[in-house]
Amino acid sequence: MILIKGCKAVDPKTGTERIADVLVRDGKIAMIKKRIEVDGGKGADGGEAREGADPQEKLRVIRGAGLTLAPGLIDVHVHFRDPGLTYKEDIQTGAAAAKKGGYTTVVTMANTKPAVDSPETVKYVLEEGEKTGIHVLPAAAVTVGLKGEQLTDMDALLEAGAVGFTDDGIPLMNGQLVMEAMEKAAALDVPLSFHEEDPSFIRNNGINRGAVSEKLGIYGSPAVAEDSLVARDCMIALHTGAAVNIQHISSARSVAMVRAAKKMGADIWAEVTPHHFTLTEEAVLEYGTLAKMNPPLRTEADRRALIEGLKDGTIDIIATDHAPHSAEEKAKPLTEAPSGIIGLETALALGITELVRTGELTIAQLMEKMSFNPACLYRLEKGWLTEGEDADLVLFDENEEWTAGDYASKASNCPFTGWKLYGKVKYTICGGEIVYEDTSAAD
């Protein structure tokens with residue numbers, strides 16, 4: 001049993017926040033009241049409550065004054081590289097990074113070796129995830145072997161425990177196949193997530209086609225590579241009624257197309273990464289391969305459009321696209337190194353530093369993007385702060401400044417290392433159990 005005293009309790013479902021005591025018992029949020037006392041007494045109505053306790057039951061009291069309590073964060077886009085690429089990351093180390101970042105639920109991508117295109121691989125991810133203390137949910141592949149040629153057996157994969165479908169990392173170029181996938185997903189009532197980059201427009205991936213790529217003497221990846229597929233899939237989603245998530249959106253025109261598709265009635269969702277709403281293509285000149293990702297960091301105008309999309313609801317979700325690589329891989333030349341950065345341990349702080357403290361979003365709106373909306377996309381009964389619901393929670397200090405680094409992830413490929421950020425996770429609680437506790441002194 002855990003009693004959190006005097007915290008700022010934020011419920012993104014209702015957009016409300018209040019100072020309260022929160023009692024966690026038997027894996028659930030047992031009570032949220034202005035004041036709770038736990039002893040052998042009887043419960044009371046109104047602003048104060050007394051909760052009877054079994055004398056044998058252990059009680060952990062956490063001082064929550066000055067701290068914010070919210071539903072555990074949910075990341076719909078992580079790469080744990082397991083099975084097959086565990087020198088980069090594995091499910092245990094990926095989950096450790098998630099817990100340190102305040103996440104209680106993550107959705108893993110299917111581009112492992114072997115790909116998550118069979119019930120056996122789905123079950124492997126679930127079984128390994130059960131050992132972590134948080135919810136590790138596998139998305140399965142849309143196509144067999146991620147080859148873009150034949151749809152997987154979605155019924156069998158869903159029955160095995162997949163929560164959605166994606167070929168993330170590889171765009172689907174066959175429009176008819178995409179329509180068939182959407183029709184099937186709509187019938188099953190599960191989401192599809194798409195990586196939108198047409199390779200026919202790209203010569204050097206991971207770097208925006210623009211002023212920086214010209215300065216570096218490479219062609220890069222123009223925004224039209226993303227825009228063209230976003231436009232196609234928004235329209236197919238409109239015609240099929242499928243729930244479609246546009247992954248790691250990066251272009252201002254793509255944001256505009258998602259906005260238009262939503263107005264037309266399409267069940268379109270969009271996610272943005274913290275690195276895309278924080279950095280621009282100029283970061284490549286400073287951080288080199290640590291600022292290389294697919295889709296690439298784009299212009300300041302694009303970055304501002306992403307933030308406006310978050311503010312007006314066009315962009316529903318903040319997802320990390322946590323993409324660990326070895327130091328040796330990232331040390332290769334810019335055109336040869338793999339794309340992607342880790343992000344689970346810095347995402348909340350970047351949201352607070354870049355969006356909340358700048359007045360772009362309230363803390364409740366940030367939690368909506370990082371817990372409630374991700375839960376809605378994947379049909380999870382999570383993402384809100386309500387009595388009787390699962391005690392998946394994050395407790396953090398919005399105002400504590402800390403230095404990014406010292407990662408729990410197996411990888412350290414992150415441009416934010418050494419940055420001073422605000423928003424420090426103090427406790428992560430999943431199923432009523434403390435799975436992470438910050439024991440470090442404030443910087």
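Biologist: Why is Asp 312 called partly exposed?

Modeller: This is a predicted model, and the value is computed from it. Asp 312 has a relative accessible area of 46%. Buried needs under 20% and exposed over 50%. The value for Asp 312 falls in between, so the residue is partly exposed.

Biologist: What makes Arg 259 and Asp 312 a salt bridge?

Modeller: Their closest N and O atoms are 2.9 Å apart. The cut-off is 4 Å, between a side-chain nitrogen of Lys or Arg and a carboxyl oxygen of Asp or Glu. The pair is therefore a salt bridge. Arg 259 sits in helix H7 and Asp 312 in helix H10, 53 residues apart, so the pair links distant parts of the chain. Arg 259 is partly exposed, at 24%.

Biologist: How do you know that Arg 303 is buried?

Modeller: Its relative accessibility is 15%. Buried means under 20%, so Arg 303 qualifies. Its salt-bridge partner is Glu 300, with the closest N and O atoms 2.9 Å apart. Both residues lie in helix H10, about one turn of the helix apart. Glu 300 counts as partly exposed, at 40%.

Biologist: What makes Glu 360 buried, and where does its partner Arg 304 lie?

Modeller: Glu 360 has 15% relative accessibility. That is under 20%, so the label is buried. Arg 304 lies in helix H10, while Glu 360 is in the loop between helix H12 and helix H13. The closest N and O atoms of this salt bridge are 3.0 Å apart. Arg 304 is partly exposed, at 29%.

Biologist: Now the annotated positions. Which residues does UniProt list for "binding site"?

Modeller: The unreviewed UniProt entry lists His 77, His 79, Asp 168 and Asp 321.

Biologist: How do you know that they gather at one spot?

Modeller: They span 245 residues in sequence, yet no two of their C-alpha atoms are more than 9.8 Å apart, so they gather at one spot. The lining of the largest pocket includes His 79, Asp 168 and Asp 321.

Biologist: Why is Asp 168 called buried?

Modeller: Asp 168 shows 2% relative accessibility. The limit is under 20%, so Asp 168 is buried. Asp 321 is also buried, with 10%.

Biologist: What makes the link between Asp 168 and His 77 a polar contact?

Modeller: Their side chains are joined at 2.9 Å.

Methods: Residues are numbered from 1 along each chain as its sequence is written. This is a predicted model: local features need pLDDT of at least 70, side-chain atom pairs count only at pLDDT 80 or more; totals for chains, interfaces and linings use all residues. Side-chain values use heavy atoms; hydrogens and water are left out. Helices (H or I, at least four residues) and strands (E, at least two) are DSSP runs, numbered from the N terminus. Buried means under 20% relative accessible area, exposed over 50%, partly exposed in between (1.4 Å probe, protein chains only). UniProt positions are given in the numbering used here, feature names are shortened, and annotations may be inferred rather than shown by experiment. On a 1 Å grid over the protein atoms alone, a cavity is a set of points where a 1.4 Å probe fits but cannot get out, and a pocket is an open set with protein on both sides within 12 Å along at least five of seven lines; lining residues have an atom within 4 Å of a point. A polar contact is a pair of N or O atoms within 3.5 Å; within protein, one must be able to donate a hydrogen and the other to accept it, and residues adjacent in sequence count only if both atoms are side-chain atoms.
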